[in-house]
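This report goes through one protein structure, part by part. Please keep the sequence and the 3D view at hand while reading.

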Amino acid sequence: MSPVPENCFVPTSEIIAVEETELNKKQRNIGKWQKMAKPHAFTVYYVKKARNHRWRCSDVTFWCVDEHLCNQWIQALKELLEMQKSRPKQLLVYINPYGGKRQGKSIYEQKVAPLFSLASISTDVVITEHANHAKDNLFEVNINKYDGVVCVGGDGMFSEVMHGLIGRMQKDSGIDQNNPKAPLVQCNIRIGIIPAGSTDCICYSTVGISDPVTSALHIIVGDCQPLDVSSVHHNNTFLKYSVSLLGYGFYGDILKDSEKKRWMGPMRYDYSGFKTFLSHHYYEGTISFQPAKHTVGSPRDKDSCRTGCYICKKSEQQLAEQHKECGLKHEEDEEEWKVIKGKFLAINAVNMSCACPRSPKGLSPAAHLADGSADLILVRKCSRFDFLRYLVRHTNQDDQFDFSFVDVYRVKSFQFTSKLSEDNESNVTDIGKKRFGQFCRDHPACCCNIANSTWNCDGETLDSSAIQVRVHCQFVKLFARGIEENSKDEAAYSQSSIEQLL
Ligand SMILES: Nc1ncnc2c1ncn2[C@@H]1O[C@H](COP(=O)(O)OP(=O)(O)OP(=O)(O)O)[C@@H](O)[C@H]1O
Ligand SMILES: CCCCCCCCCCCCC/C=C/[C@@H](O)[C@H](CO)NC(=O)CCCCC
Ligand SMILES: [Ca+2]
């Protein structure tokens with residue numbers, strides 16, 4: 001039994017479970033309880049917030065002489081827990097046994113399953129046998145049976161589950177994902193991520209830490225964090241959805257190289273990162289985008305997206321109003337497109353900060369989880385030394401956008417076409433054709449000597465370099481609450497605390 005703290009304030013929403021406690025002989029002989037003939041006790045398991053957004057399951061045991069009173073307390077607390085309607089009761093769990101350091105199965109069995117069982121959550125567990133197992137399975141299962149789907153693995157595993165869920169929703173509603181303008185059906189089944197991958201950027205950016213126990217507790221208390229999702233098309237063919245990074249150039253090349261080194265585990269990214277940095281390839285192309293005018297935020301803001309983010313709420317409202325006004329007119333197509341052509345070392349579009357243990361502030365520290373926009377970062381051709389300075393700023397407090405060769409825009413959609421594919425006159429949309437006609441007249445003797453790069457879409461490569469991307473505001477939901485401002489203090493003071501009840 002843990003020592004009872006002097007003052008312990010716990011919001012009922014952060015109680016994990018309440019259980020009657022059988023006292024053993026040793027416990028009965030402690031302190032004042034030894035005077036009791038037959039003490040009764042119950043234990044409250046609750047979320048204890050530690051440093052750096054880490055959550056732990058802690059417990060406090062209450063003792064009393066009156067058995068009836070003790071049972072009344074247990075009953076009352078259980079009723080309070082029953083009233084927490086957002087908590088999941090039945091979960092579908094997919095475990096990738098080969099993700100990250102191949103610890104997925106043991107992480108789940110040792111750290112997560114006991115907590116789910118303590119919180120009386122039933123689970124159906126599937127250990128994946130091959131890539132796309134989880135995704136394909138989600139098209140077949142009786143999805144209505146579940147309050148959520150949990151993936152144990154990395155960003156790739158999350159991506160699979162998300163594609164399965166979104167794809168299933170569209171299929172059930174008869175919506176063709178290949179149509180870039182199709183009004184997609186939102187996915188309301190929450191996804192939980194138990195981090196056991198190599199980068200775990202989605203977990204880190206939505207929880208503030210990559211820690212299986214913390215994530216399990218966010219699932220248990222029934223948190224809900226909406227997330228923006230980008231749909232990626234090549235002309236009228238659906239390619240993929242993205243929630244974290246869509247990266248061309250540097251991050252695409254790292255990924256392509258690292259795929260051959262999967263056996264190295266998470267280290268493969270350091271190896272390929274170093275190699276790609278030395279190769280210093282740049283790519284020529286044109287990027288066209290529609291600025292996100294609905295949001296009041298900017299990528300250069302000093303404040304980041306935090307739990308209950310005001311900018312995300314406002315942006316969602318603003319978008320809803322716009323959609324009401326526009327109706328079926330598709331006015332967004334006619335809105336202003338900005339066109340930028342050039343030679344780029346990296347083109348990164350991020351729907352969230354992309355914070356991860358490698359870079360705790362991420363690729364765009366002020367990006368928002370649920371504001372219906374992505375931050376488009378263009379890193380133009382520069383020296384190796386300058387590019388290194390840019391990269392190093394992802395790991396310290398300096399502003400990574402404060403370079404003449406770096407531009408950042410908040411966008412709601414964008415398109416990219418490489419110079420190479422334009423020259424080959426293949427796979428170009430009408431808009432692209434018009435814009436590249438201009439581009440090629442301007443640069444008749446183009447000196448770009450490099451083949452296309454590859455798009456890195458949340459850690460997976462895309463087959464096409466010419467893509468059209470649209471951000472869908474708050475399209476999926478996670479068992480998370482965003483990064484808390486100051487989780488430790490918040491935990492200490494709450495109105496609805498069991499201490500008040502006691
Ligand atoms: N049983 C399996 N065998 C082989 N591949 C699998 C299996 N289960 C899932 N996968 C695939 O493995 C890929 C990578 O998985 P995951 O994201 O869990 O780990 P990771 O790549 O190490 O982490 P990160 O995505 O953070 O880099 C996923 O895209 C998924 O489709
Ligand atoms: C000299 C020191 C310089 C250090 C620079 C560090 C900069 C690190 C920024 C990290 C950005 C991660 C973006 C996340 C992308 C994920 O969607 C994806 C899937 O997991 N991961 C990768 O593509 C894996 C990409 C791995 C990149 C290293
Ligand atoms: Ca966003």
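## The nonpolar core

In the largest nonpolar core, which has 118 residues, the members that touch the most others are Cys151, Val152, Val161, Met162, Ile191, Ile194 and Leu376. A nonpolar core here is a set of buried Ala, Val, Leu, Ile, Met, Phe, Trp, Tyr and Cys residues joined through C-beta atoms within 7 Å. A residue is buried if 20 or more other C-beta atoms lie within 10 Å of its own, exposed if 12 or fewer, and partly exposed in between, with C-beta atoms placed from the backbone. Strand S17 (residues 467-478) provides the largest share of this core, seven residues. At least three residues of the core come from each of domain 1 (12-84 + 494-501) and domain 2 (230-314 + 330-472); the domain bounds come from an automatic or database domain assignment.

Val161 is in contact with Tyr94, Ala134, Leu138, Val149, Cys151 and Ile191, leaving aside neighbours within four places in sequence. Contact means that the C-beta atoms of two residues, placed from the backbone, lie within 7 Å.

## The model and the whole protein

This is a predicted model, in which local features need pLDDT of at least 70 and side-chain atom pairs count only at pLDDT 80 or more, while totals for chains, interfaces and linings use all residues. Residues are numbered from 1 along each chain as its sequence is written, and chains are lettered from A and ligands numbered from 1 in the order in which they are written.

The protein has 15 helices and 17 strands. These are DSSP runs numbered from the N terminus, with helices (H or I) of at least four residues and strands (E) of at least two. Of the 502 residues, 44% are buried. Among contacts between residues at least 6 apart in sequence, 78% join residues at least 24 apart.

## The annotated span

An unreviewed UniProt entry lists residues 86-236 as "domain: DAGKc". UniProt positions are given in the numbering used here, feature names are shortened, and annotations may be inferred rather than shown by experiment. The span is 36% helix and 23% strand, and its end C-alpha atoms lie 38 Å apart.

## Around the ligands

Ligand 1 has 22 residues around it, of which Gly99, Gly153, Gly154, Gly156 and Gly197 come nearest. A residue counts as near a molecule if its C-beta atom, placed from the backbone, lies within 6 Å of it. Helix H5 (residues 155-172) gives the most to this shell, four residues. The shell around ligand 1 has 14 polar, four nonpolar and four charged residues. In this scheme Ala, Val, Leu, Ile, Met, Phe, Trp, Tyr, Cys and Pro are nonpolar, Asp, Glu, Lys and Arg are charged, and the others, Gly among them, are polar.

Around ligand 2 there are 23 residues, and Asp155, Thr199, Ser244, Ser359 and Gly459 are the closest. Helix H8 (250-259), helix H9 (268-279) and helix H11 (384-392) each supply at least two residues of this shell, and H8 gives the most, with three. The shell around ligand 2 has 11 nonpolar, nine polar and three charged residues.

## Two buried residues

Why does His368 count as buried? His368 is buried because 28 other C-beta atoms lie within 10 Å. His368 sits in the loop between strand S12 (338-350) and strand S13 (374-380). Not counting residues up to four places away in sequence, His368 touches Gly297, Cys305, Cys309, Ile311 and Cys312.

Val232 belongs to strand S8 (residues 225-234) and is buried, since it has 22 other C-beta atoms within 10 Å. From Val232 to Asp270, 38 residues apart in sequence, the C-alpha distance is 27 Å.
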